[in-house]
Amino acid sequence: MKAKIAIIGAGPAGLTAGYLLSKEEVDVIVLEADPVYVGGISRTATYKGFHFDIGGHRFFSKSKAVEDLWTEILPNDMLARPRSSRIFYGSKFFSYPLKPFEALLKLGIFKSVLCVLSWMKARLFPVRNPRNFEEWVSNQFGKRLFKTFFKSYTEKVWGMSCKEISADWAAQRIKGLSLGSAIKNALFPQRYNGDRTKVIKTLINSFRYPRRGPGMMWEACAEKMKALGGKLEMGCKVMRCSCDEVSGSWTVEYKNRQGDLRTIEAEHIISSAPMRELVCGLTPPVGERTKRAAESLKYRDFLTVMLILKDRHMFNDNWIYIHDPSVKVGRVQNFRSWSPEMVPDPDKVCYGLEYFC
Ligand SMILES: Cc1cc2nc3c(=O)[nH]c(=O)nc-3n(C[C@H](O)[C@H](O)[C@H](O)COP(=O)(O)OP(=O)(O)OC[C@H]3O[C@@H](n4cnc5c(N)ncnc54)[C@H](O)[C@@H]3O)c2cc1C
């Protein structure tokens, strides 16, 4: 088989590339390791008519081009959903984004005074050139609030101390957020004024979501790509990519559903496979330094346990962060709040208990 471009993976990246290239009449083939699902970790899994995400997936981008592309792929099935999320800490629920006055009230007078003093200390004597997540967040919120509302959840998700996570990542991840902006948001909730780039992502109070979960977007994207002539092969795991240094063309070796090794030729490759796996399967091989860097990349596993229960109207939030360090679960999703169509039975709820390991 031959294609102009071979794409590894039918997740959002691979399918978006496949669709946009097919629109330009470029000959593409997408090879996906999973035998059933497209969408990668943005897929929607189903069980007896219940739909659930691998983690809840909000559709919100600061880029208008990205938002427009989603509308083009799924013109009639994107819901605008209100966002509601809380933190569970110390047997109490706190709004997230944090509402500083509510947080201080619930923490009690003694802890609140300590939090305010610690924040004032951070403003007066900030860590110059913060190097890690802990220092960066403590500069914005004070050490006490960092310990209460950031430390345990972040460490559950990433499996490492906040001292080992770089400050750059914190700055990018919670860009624009500080105690000042949280207070401002509590008093005057941020409204969208047409300029997406000015929005603080973590504070958005609504987002778009496909009626039956994010997988719907990527299933539609795959269909659109195929309608334009793009090919999609499921159950094909790419094992090796070899470049002929003379002709510059690639041979992609993959294992099909039956476990047989097959090859295709391509002029170019776009890969969305994990970097660690891709780099080790390249010929000619990459340099020793690059190989070591790729091999040292760490990946986290994500387990979500679905609980289908009789609806006792426990909560309406989309999700709840479990900061409490005494339990391993990191977040609880409430799929009906993402979209009513995720749960087929009106008397039932479907919760997703998320574990990072
Ligand atoms: C808990 C959680 C919550 C998230 N929430 C959001 C959110 O709210 N909003 C948001 O926009 N994003 C969210 N994300 C991020 C989002 O899921 C990813 O950014 C997105 O799925 C990345 O897409 P991708 O195509 O690059 O990779 P992936 O989704 O990982 O897809 C890669 C695909 O490649 C396939 N593949 C891998 N190796 C091979 C191989 N060797 N051969 C063939 N196929 C291969 C895989 O099977 C997979 O289908 C969340 C992620 C997680 C984990």
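Which helix does Phe 110 lie in? Hello everyone, let's start there: Phe 110 sits in helix α4, residues 109-124. Helices here are DSSP runs of H or I with at least four residues, strands are runs of E with at least two, and both are numbered from the N terminus.

Before going on, a word on the model. It is a predicted one, where local features need pLDDT of at least 70 and side-chain atom pairs count only at pLDDT 80 or more, while totals for chains, interfaces and linings use all residues. Residues are numbered from 1 along each chain as its sequence is written, and side-chain values use heavy atoms, with hydrogens and water left out.

Back to Phe 110, which is exposed, at a relative accessible area of 62%. Exposed means over 50%, buried under 20%, and partly exposed in between, with a 1.4 Å probe and protein chains only. Together with Ile 109, Val 113, Val 116, Leu 117 and Met 120, Phe 110 makes a nonpolar surface patch of about 620 Å². Such a patch takes residues with over 30% relative accessible area and no salt bridge, joining nonpolar side chains (Val, Leu, Ile, Met, Phe, Trp, Tyr) within 5 Å and like charges within 9 Å. A salt bridge is a side-chain nitrogen of Lys or Arg within 4 Å of a carboxyl oxygen of Asp or Glu.

Now to the ligand. There are 24 residues around it, and Ala 13, Glu 32, Ser 42, His 57 and Arg 58 come nearest; near means a heavy atom within 4 Å. Glu 32 places a polar side-chain atom 2.6 Å from a ligand oxygen, and an N or O atom in the side chain of His 57 is 2.6 Å from an oxygen atom of the ligand. The protein buries 69% of the 1000 Å² that the ligand exposes when taken alone, with areas from the Shrake-Rupley method and a 1.4 Å probe. Two or more shell residues come from each of α1 (12-23) and β10 (237-243).

Finally, some backbone geometry. Most residues other than glycine have a negative phi, and most peptide bonds are trans. Lys 48, however, has a positive phi near 45°; it lies in the loop between β3 (44-47) and β4 (50-53) and counts as exposed because its relative accessibility is 67%. Ser 91 has a phi of about 65°, in the loop between β6 (85-89) and β7 (92-96). And the bond from Thr 283 to Pro 284 is cis, with omega near 0°.

Definitions and conventions: Polar contact = N/O pair within 3.5 Å; in protein donor to acceptor, adjacent residues only side chain to side chain.
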